[in-house]
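This report looks at a hairpin, an annotated site and a nonpolar core. Keep the structure in view while reading.

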Amino acid sequence: MTRNSDNPTTDPTAVGAYELSDEIAQQLKRNEAGLVPAIVQSERGEVLMLAWMDDHALAYTLATRRGTYYSRSRREYWIKGLTSGNTQEVVGARLDCDGDTILLTVRQRGGACHTGDRTCFDARDLIGEENDG
């Protein structure tokens with residue numbers, strides 16, 4: 001692998017310097033923007049967040065073990081925790097049976113959500129629940 005930076009684990013611009021293996025790339029089913037959703041869970045199986053990855057973000061994540069994603073709104077890569085300190089050490093990665101979703105298992109340090117919450121599913125009420133009253 002080639003690198004664009006002396007410190008690739010903290011430089012999002014180095015993300016594009018990493019290439020996904022042909023074996024993995026051929027299994028991915030990307031959307032029209034070239035992205036695949038990534039479900040991120042803790043080692044205990046707690047769902048922390050959903051983010052998007054392209055080939056380079058996945059290659060960088062697999063090489064560095066740092067959760068790295070592609071922001072659709074900002075159109076740039078982001079390494080989880082680079083600015084917040086709430087890091088993700090990736091300990092496992094799987095594709096679903098169709099190859100259209102990635103499941104990452106991480107050691108989360110700090111909150112996973114950009115709001116600071118433990119998960120992106122903490123602050124909202126449940127939807128579609130029946131009231132007991």
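## Pairing in the hairpin

Two strands pair if DSSP finds at least two bridges between them. The model shown here is predicted. In it, β3 (residues 68–71) and β4 (residues 76–79) pair in the antiparallel sense over four bridges. Y70 stands opposite Y77 in β4.

The two strands, β3 and β4, form a hairpin, with four residues between them. R75 sits in the turn and has a positive phi of about 55 degrees.

S71 belongs to strand β3. Its relative accessibility is 6%, so S71 counts as buried, the cut-off being under 20%.

The side chain of S71 has polar partners. One is the side chain of S73, in a polar contact of 3.4 Å. Another is the backbone nitrogen of R74, which lies 3.0 Å from a polar atom of the S71 side chain. With neighbours within four places in sequence set aside, S71 is in contact with E76 and W78.

## The annotated site

The UniProt record, an unreviewed entry, places a "binding site" feature at D96, D98 and D100. D98 lies in the loop between β5 (88–95) and β6 (102–108). D100 is in the loop between β5 and β6 as well.

Contacts come next, leaving out residues up to four places away in sequence. D98 touches Q27 and K29. D100 is in contact with K29, V36 and P37.

## The nonpolar core

In soluble globular proteins, nonpolar side chains tend to be buried together. Here the largest nonpolar core has 25 residues. Those with the most contacts inside the core are V40, M49, M53, Y69, I102 and L104. The elements giving two or more residues to this core are β1 (36–42), β2 (47–53), α2 (55–64) and β6.

I102 is one of the residues with the most contacts inside the core. Beyond its neighbours within four places in sequence, I102 is in contact with L28, V36, P37, A38, I39, M53, L58, R94 and L95. V36 and P37 are also in contact with D100.

Note on methods
Residues numbered from 1 in each chain as written. Predicted model: local features only at pLDDT ≥ 70, side-chain atom pairs only at ≥ 80, totals over all residues. Heavy atoms only, no water. Buried < 20%, exposed > 50% of the residue type's maximum accessible area, 1.4 Å probe, protein only. UniProt positions renumbered as here; feature names shortened; annotations may be inferred. Contact = heavy atoms within 4.5 Å. Core = buried A, V, L, I, M, F, W, Y, C linked by side-chain atoms within 4.5 Å. Polar contact = N/O pair within 3.5 Å; in protein donor to acceptor, adjacent residues only side chain to side chain.
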